[in-house]
Amino acid sequence: MVLNWIWICFFLIAFVVAVIRLCMGDASVFTEIMNSTFSSAKTGFEISLGLTGVLSLWLGIMKIGEKGGIVDRFARLLSPVFCRLFPQLPKNDPAYGHIFMNIAANMLGLDNAATPMGLKAMERMQELNEDKETASDPMIMFLVLNTSGLTLIPVSVMVYRAQLGAAQPADVFVPILLATFFSTMVGLLLTCFIQKIRFDKVLGLFLLGISLVVALIIWGFSMLPPVRIGDVSTSAANIILMLVIIGFIISGIRAKINVYDAFVEGAKDGFQTAVKIIPYLIAILVGIGVFRASGAMDAVVDGVAWAVSKCGLDDGFVGALPTALMKPLSGGGARGLMIDAMTTYGADSFTGRMACLFQGSTDTTFYILAVYFGSVNIRNTRHAVGCGLAADLAGILAAIFIGYLFFA
């Protein structure tokens with residue numbers, strides 16, 4: 001229901017802003033809006049089409065892991081923690097393995113690998129869901145962990161900084177890691193509070209362990225020469241990904257299954273899943289496109305800039321704010337705005353670096369909700385949107401504070 005009203009508001013607000021622009025003499029505004037509906041619909045279809053190959057690849061790999069037993073082993077290993085975060089799921093359920101693989105891929109910045117694993121987890125949780133049109137608590141917890149976007153290695157951001165001539169492309173590595181850590185913690189704790197999940201020693205040690213891992217990664221990369229950080233992090237992500245593939249194949253060999261047939265069986269699901277999410281993806285992208293083309297996004301940014309200046313605060317981050325506001329709506333749109341900020345102000349400018357922090361501090365909340373919930377026909381998202389946006393806000397505020405701490 002929340003997503004329904006947000007989608008409606010995209011159009012109503014866009015119409016009001018467009019009428020105001022028309023009254024002020026901008027006769028082209030409605031042409032721009034209608035053009036955006038067609039281009040956004042086309043983009044939604046192209047994204048779904050592009051996902052088909054990736055979904056087929058990784059759902060095929062996951063099927064090998066399932067039949068080889070490695071997913072079950074992950075589920076048993078993580079059961080003590082996940083059975084507390086997802087109390088409605090049975091102990092040692094296969095969904096735990098899919099959830100872990102998805103979160104691990106997100107942490108490494110491997111979005112293409114994360115999505116198929118996440119869809120597989122949603123499919124399993126939907127099988128256990130009593131109300132097939134309403135999101136269950138485990139689904140919402142999983143979605144919030146996704147939308148908060150904990151990223152240990154922001155590979156794509158560093159690649160774009162290198163391409164745009166940054167002196168030290170990896171100088172945003174630690175700030176992004178810190179900002180996304182705060183985003184994830186806020187999303188996790190808020191969802192636990194709403195779902196009345198009680199913290200005990202196991203969960204406490206788990207959160208402490210994550211904090212120590214983040215601190216260890218920061219310390220380890222701080223020991224490297226700045227020029228090496230980008231290469232090392234990119235290589236580490238790709239090596240880990242290849243090890244996952246090899247590990248799944250070896251598990252299939254040990255289980256004496258036909259690995260090739262298992263892959264093909266899983267890959268067939270990739271095409272069906274890609275087709276299933278097309279209408280949901282087009283719906284959310286068209287709403288976002290109309291909102292942006294009307295000038296409503298620019299009005300929000302201008303309003304924030306005015307409020308910040310009236311409060312006597314430094315408004316150096318405002319030039320990068322469009323990236324922050326676009327990221328929950330569209331990953332591609334936010335990426336374009338980040339590149340635009342670095343091109344306009346300079347990759348090593350404060351605004352350019354802030355755009356990178358905003359890009360890396362959160363994830364595409366509405367895109368994830370549309371794709372993941374759409375894949376299992378969930379219509380009532382309950383508190384998923386609110387918790388996801390709260391995590392986004394925490395990430396944005398943390399990015400602003402950390403950006404001034406590191407770069408101002």
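The model is a predicted one: local features need pLDDT of at least 70, side-chain atom pairs count only at pLDDT 80 or more, and totals for chains, interfaces and linings use all residues. Residues are numbered from 1 along each chain as its sequence is written, and side-chain values use heavy atoms, with hydrogens and water left out.

**Inside the protein**

Let's start with the nonpolar cores. A core here is a set of buried Ala, Val, Leu, Ile, Met, Phe, Trp, Tyr and Cys residues joined through side-chain atoms within 4.5 Å. "Buried" means under 20% relative accessible area, "exposed" means over 50%, and "partly exposed" is in between (1.4 Å probe, protein chains only). The largest core has 71 residues, and Leu85, Phe86, Ile99, Met122, Met125, Phe142 and Phe373 have the most contacts inside it. Which helix gives the largest share of this core? That's H17, with eight residues. Helices (H or I, at least four residues) are DSSP runs, numbered from the N terminus.

Take Leu85 from that list. Skipping residues up to four places away in sequence, Leu85 touches Met141, Leu188, Cys192, Ile197, Leu203 and Phe206, where a contact means heavy atoms within 4.5 Å. There's also a second, separate core of 28 residues, with Val308, Met342, Phe350 and Leu357 among them.

**Rings that pair up**

Rings of Phe, Tyr and Trp (its six-membered ring) pair if their centres lie within 6.5 Å; planes under 30 degrees apart count as stacked, over 60 as edge-to-face, and the rest as tilted. By this rule there are nine aromatic pairs. Here are two of them.

| Pair | Centre to centre | Angle between planes | Type |
|---|---|---|---|
| Phe10 and Phe366 | 6.2 Å | 70° | edge-to-face |
| Phe142 and Tyr372 | 6.0 Å | 20° | stacked |

Phe10 sits in helix H1 and Phe366 in helix H17 (residues 365–375), so this pair links distant parts of the chain, 356 residues apart. Phe10 is buried at 8% relative accessible area, and Phe366 is buried too, at 4%. Together with Phe291, Phe10 and Phe366 form one aromatic cluster.

Is Asn102 buried or exposed? Asn102 counts as buried, because its relative accessibility is 0%.

**Out on the surface**

Phe15, Val16, Ile20 and Met24 make a nonpolar surface patch of about 450 Å². Met24 lies in the loop between helix H1 (2–23) and helix H2 (29–68), and Met24 is exposed, with 70% relative accessible area.

Most residues other than glycine have a negative phi. Lys256 isn't a glycine, yet it has a positive phi of about 60°. Lys256 is in the loop between helix H10 (226–254) and helix H11 (259–276), and it's exposed at 77%. Asn377 also has a positive phi of about 60° without being a glycine. Asn377 lies in the loop between H17 and helix H18 (384–407), and it's partly exposed, at 35% relative accessibility.

Key. Patch = residues over 30% accessible without salt bridge, like charges linked within 9 Å, V, L, I, M, F, W, Y side chains within 5 Å. Areas by Shrake-Rupley, 256 points an atom, 1.4 Å probe, with all protein chains shown as cover. Salt bridge = Lys/Arg side-chain N within 4 Å of Asp/Glu carboxyl O. Helix = DSSP H or I, 4+ residues; strand = E, 2+ residues; numbered from the N terminus.
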